[in-house]
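Welcome! Try each task yourself before reading its solution.

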Amino acid sequence: MTIEKRSLTASYSVSGRMLTGYAAVWDSPTRITEGGRSFTEVVRRGAFRSAVESKADIIATFNHDPSRLLGRTSAGTLRLHEDDRGLRFEIDLPDHASDIKEMVDRGDLNGASFTFRPKAGGDNWNGDTRELTNLFLYELGPVAMPAYTATSLALRSKQQFRKMELDLRERF
């Protein structure tokens with residue numbers, strides 16, 4: 001059983017302490033090279049549905065380093081949502097993550113990543129293209145060296161997020 005990591009390039013902006021972005025973007029092919037082979041990989045809509053719905057305890061880290069823990073779903077400091085674009089995350093950054101906030105603000109940090117394992121039947125091969133359709137999700141967060149090229153990330157305050165959420169509810 002192999003656990004895999006995938007990283008994505010992100011665009012960032014800074015406002016407050018909430019880091020938001022996409023750990024995966026649907027239907028965005030990327031070239032992966034690992035274990036001596038190269039292939040195209042695509043994450044399909046719904047690939048993380050069971051992880052989001054099961055309320056599994058998923059952690060957010062910086063550069064896949066558990067000593068740089070940023071949040072976790074069981075504490076409510078990491079929230080995950082599947083939407084029309086991909087797997088969206090929101091992390092309430094701890095005080096010790098001021099360097100991450102600064103790197104996002106300066107534009108130095110521009111990647112997000114996720115650690116996963118396909119469930120039985122959760123990946124399909126068609127030639128040298130792998131489609132990911134149903135995954136166990138273990139960890140995600142910002143990284144310095146991404147592999148995937150389609151995602152976005154922003155830092156904002158929880159107050160701004162709640163206001164935006166209320167504005168949207170009033171419209172609909």
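**Exercise 1: The largest pocket**

The largest pocket is lined by A51, V52, K55, A56, D57, I58, T73, S74, L78, R79 and L80. This is a predicted model, where local features need pLDDT of at least 70 and side-chain atom pairs count only at pLDDT 80 or more, while totals for chains, interfaces and linings use all residues. Residues are numbered from 1 along each chain as its sequence is written, and side-chain values use heavy atoms, with hydrogens and water left out.

Task: Find which strand gives the most to the lining of the largest pocket.

Solution: 
- Begin with the term. On a 1 Å grid over the protein atoms alone, a pocket is an open set of points where a 1.4 Å probe fits, with protein on both sides within 12 Å along at least five of seven lines; lining residues have an atom within 4 Å of a point.
- Next, look for elements that supply at least two lining residues each: these are helix 1 (49-54) and strand 7 (78-82). Helices (H or I, at least four residues) and strands (E, at least two) are DSSP runs, numbered from the N terminus.
- Strand 7 gives the most, with 3 residues.
- The volume of the largest pocket is about 180 Å³, taken as the space filled by probe spheres set on the points, which are joined across faces, edges and corners.

**Exercise 2: T40 and R31**

Task: Decide whether T40 is buried or exposed, then list what T40 contacts beyond its sequence neighbours.

Solution: 
- Locate T40 in strand 4 (residues 37-43).
- T40 has a relative accessible area of 17%, so it is buried (buried means under 20%, exposed over 50%, partly exposed in between, with a 1.4 Å probe and protein chains only).
- Leaving aside neighbours within four places in sequence, T40 is in contact (heavy atoms within 4.5 Å) with P29, T30, R31, D128, T129 and R130.
- Now move to R31, in strand 3 (residues 30-34). R31 is partly exposed at 46%, and it touches S38, F39, T40 and D128, not counting residues up to four places away.

**Exercise 3: Around K119**

Task: Work out how far apart the C-alpha atoms of K119 and N134 are.

Solution: 
- K119 sits in the loop between strand 9 (111-118) and strand 10 (123-126).
- K119 and N134 are 15 residues apart along the chain, and their C-alpha atoms are separated by 5.8 Å.
- With neighbours within four places set aside, K119 contacts S50, N134, L135 and F136.
- The relative accessibility of K119 is 21%, so K119 counts as partly exposed.

**Exercise 4: Two positive phi angles**

Task: Say where D27 and H64 lie, and what their phi values are.

Solution: 
- Recall that most residues other than glycine have a negative phi.
- D27 lies in the loop between strand 2 (18-25) and strand 3, and its phi is near 55°.
- H64 lies in the loop between strand 5 (59-62) and strand 6 (65-72), with a phi of about 60°.

**Exercise 5: The whole protein**

Task: Find how many helices and strands the protein has, and what share of its residues count as buried.

Solution: 
- The protein has 3 helices and 13 strands.
- Of its 172 residues, 44% count as buried.
- Among contacts with a separation of 6 or more, 71% join residues 24 or more positions apart.
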